[in-house]
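User: I am new to this structure. Please take me through it in short steps.

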Amino acid sequence: MSKKTYRDALNEAMSLEMARDPRVVLIGEDVAGGQGGSGEVGAVGGVLGLTRDLYNKFGISRVIDTPITESAIIGMAAGAATTGLRPIAELMFADFLGVCFDQLYNQAAKFRYMFGGHAQTPLVVRAMIGAGMSAAAQHSQSPYAIFTHVPGLKVVMPSNAYDAKGLLIQAIRDNDPVIFLEHKMLYDLVEDVPDEAYAIPFGEANFTREGDDVTIVAFSRMVLFANEVADKLEREGIACDVIDPRTASPLDETAILESVSRTGRLVVVDEANPRCSLATDIAALVASRGFRDLKAPIGLVTAPHTPVPFSPVLEALYIPSPDRIEAAVREVMA
Amino acid sequence: MTSLQAVTIPKWGLSMEEGTIVSWSAKVGQAVTAGDELVDVETTKITNTIEAQGEGVLRRILADAGDTLPCGRLIAVIGAEDATDGEIDEFVAAYATSEAETGGDSGGKPEPATLDLDGTRIRYFRAGDSGTPIVLIHGFGGDLDNWLFVQGELADNQETIAFDLPGHGGSTKTVGDGTPRALAEVIGRALDALGVARAHVVGHSFGASVAASLATLDPARFVSVTAIAPAGLGPEINGEYIQGFLNAKRRSDLTKAVSLLFADPSVVTSNMVEQLLRAKRLDGAQAALQTIVAANFPGDEQTPQQPDPWPSLADKLLVIWGERDAIIPPTHVNRLPASTDRVTIEGAGHMPHLERPGDVAAAIRDHIAAAE
């Protein structure tokens with residue numbers, strides 16, 4: 001056990017699985033790192049350093065640099081997956097998934113179903129989500145609801161370094177296409193992460209705080225904000241259950257409904273835009289199956305229905321803040 | 001100046017670095033005497049109570065519920081009723097200064113080490129440096145941290161080595177056929193590698209079966225054997241616990257199972273459960289636990305060890321049992337000769353070394369002293 005960043009935890013997950021299973025290959029822009037530029041090949045590892053050293057460990061046939069063509073990356077990876085390889089495709093910004101939507105939405109997601117269960121597509125698409133770096137409207141979105149909507153895709157959003165490693169290992173071992181979304185503001189989080197391999201099953205929520213007064217469901221970076229609010233309110237005697245579902249698809253409905261049956265109050269925190277979102281999905285789940293438990297209307301804390309602003313001032317207003325989460329909790333407690 | 005007493009976050013174990021205030025049971029202005037409960041503090045393992053050490057009035061509380069503070073941090077002041085507020089302010093300030101100067105009670109957290117025995121990885125934690133080493137072996141599903149509270153006390157006078165059994169904690173996940181003997185052979189090799197020719201061995205539950213097997217395999221090496229709530233003496237065992245622990249994948253299920261271990265289930269912290277869940281998720285851990293259950297506790301009953309190690313140990317054996325053990329009945333001790341040394345720990349369940357560490361450490365020390 002040692003302290004590792006979210007970034008290093010992800011690198012370790014890929015490294016362990018590539019060592020364990022020769023079918024695991026990595027495909028993406030500059031994932032080898034340093035090719036065609038100055039410096040040593042493999043030294044950098046992608047624009048974010050996530051794949052550092054993997055080229056040196058596993059060689060050019062398993063760490064494959066591609067042109068800047070997302071449709072080619074995903075098309076190649078999905079095809080490779082159907083032949084028995086287990087590709088990890090690094091796409092950098094999740095905002096670019098639109099370029100290769102057909103390969104995911106209409107191809108990879110459908111193979112198992114349309115071939116009567118005889119085909120499997122063990123594909124992991126890694127991409128970054130989230131606002132907070134003033135990277136503007138085309139590099140800051142959190143489009144997870146779009147993929148959650150599609151049967152045949154699994155959607156994973158780790159909120160901490162321990163989960164990042166365990167969920168990525170599970171994603172690589174999974175036989176279906178997995179959209180693995182890393183929040184760009186979390187890469188430098190440091191936590192205790194075991195050195196050994198371990199897998200966290202999909203569809204199993206994590207209770208990051210426990211309490212019987214109000215349930216807060218939050219995803220990805222928003223879990224950190226929810227924890228901060230829960231710790232603050234704890235001092236005032238308001239005890240929050242904070243649920244990090246870890247995966248949007250499959251969703252741990254049982255954990256959410258069980259918690260609301262104890263607390264009777266729900267606040268959902270979602271960094272994405274508010275319409276047809278995870279926030280509305282979870283609100284609908286509780287309204288349809290946990291309504292009798294509710295003591296107050298459900299609180300939703302989301303981004304507004306606008307693109308992510310470039311202006312740092314406006315971006316700060318766009319992202320759900322601990323203050324807004326706290327206000328929402330107080331409202332459902334009133 | 002009136003005498004004032006500091007109440008600080010205690011260091012209950014070698015690896016304890018900080019504690020979290022759960023709740024205060026005493027109020028400012030309340031008169032307290034030695035032994036009165038002041039505050040519950042949560043550690044990475046269980047929640048424990050700090051009691052007043054002397055007589056006085058609880059004059060000031062310096063930490064709120066929810067605060068996580070390093071060991072040694074001042075959290076309350078007890079003093080005479082006539083001590084002035086100024087005197088207390090001075091005391092608190094002086095305390096803060098001395099902590100800042102010494103950097104608190106840190107000194108760096110000692111870390112467990114690992115041995116590589118031809119590809120078999122064994123994690124162990126060594127503390128203390130004199131005398132015949134005391135070998136500590138945890139039970140089914142546990143790890144060396146189970147000795148958190150006891151090892152520190154024992155290590156004050158004597159060398160101690162706590163192991164992670166194969167299949168557990170940071171050790172290799174291969175367990176052979178899962179019998180106590182298979183695991184004892186690995187621990188025996190680990191002791192060879194550490195150059196331990198003579199030792200006392202203390203085992204808990206399934207770890208006591210391993211300890212018994214270890215002491216029978218190499219009788220000359222072990223001066224004494226202490227078995228805490230030993231498995232392997234009789235057929236009965238709480239199958240609800242074994243199956244519950246084995247099959248739990250969620251925190252709520254695991255909490256239910258783990259609560260059965262303790263006389264007072266409220267000592268179970270979410271951190272303890274999270275750590276157990278993390279251990280279970282490691283590659284190979286679940287298969288290892290399954291193999292151990294199949295070999296030792298199939299169908300909710302214990303399989304006796306063949307050959308039975310216990311008769312040959314009678315002379316050097318101490319059995320410690322929590323009177324409220326809900327996993328293995330304390331009456332199993334009656335299957336041993338009436339002359340066998342035994343200690344019953346009141347108010348403890350299956351984990352007396354976590355629930356009543358002081359009593360358990362004292363019993364072990366007495367037994368070891370007598371054996372030497």
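User: How many residues of chain A are in contact with chain B?

Analyst: This is a predicted model. Contact here requires heavy atoms within 4.5 Å. On the chain B side, 16 residues take part. On the chain A side, the number is 19.

User: What area is buried between chain A and chain B?

Analyst: Interface size is often given as the accessible area lost when the parts come together. Carbon and sulfur atoms give 38% of the area here. The buried area is about 1400 Å².

User: How many salt bridges does the rule find across the interface of chain A and chain B?

Analyst: The rule asks for a side-chain nitrogen of Lys or Arg within 4 Å of a carboxyl oxygen of Asp or Glu. Glu210(A) and Arg251(B) meet this way, at 3.7 Å from N to O. Across the interface, the rule finds 6.

User: Which elements of chain A give two or more residues to the side that touches chain B?

Analyst: That side of chain A divides into 9 nonpolar, 2 polar and 8 charged residues. One contributing element is a helix and one is a strand. They are helix H7 (161–173) and strand S9 (206–209) of chain A.

User: Which element gives the largest share of the lining of the second largest pocket?

Analyst: The second largest pocket has a volume of about 960 Å³. Its lining has 37 residues, with Trp12(B), Asn48(B), Thr49(B), Glu355(B) and Pro357(B) nearest the centre. Helix H2 (148–155) and helix H10 (357–371) of chain B are among the elements giving two or more residues. The largest share, 5 residues, comes from S5(B).

Note on methods:
Residues numbered from 1 in each chain as written. Chains lettered and ligands numbered in written order. Predicted model: local features only at pLDDT ≥ 70, side-chain atom pairs only at ≥ 80, totals over all residues. Heavy atoms only, no water. 1 Å grid on protein atoms, 1.4 Å probe; cavity = no way out; pocket = protein on both sides within 12 Å on 5 of 7 lines; lining within 4 Å. Points joined across faces, edges and corners; volume = space filled by probe spheres on them. Helix = DSSP H or I, 4+ residues; strand = E, 2+ residues; numbered from the N terminus. Buried area = accessible area lost by both parts, 1.4 Å probe. Nonpolar A, V, L, I, M, F, W, Y, C, P; charged D, E, K, R; others polar.
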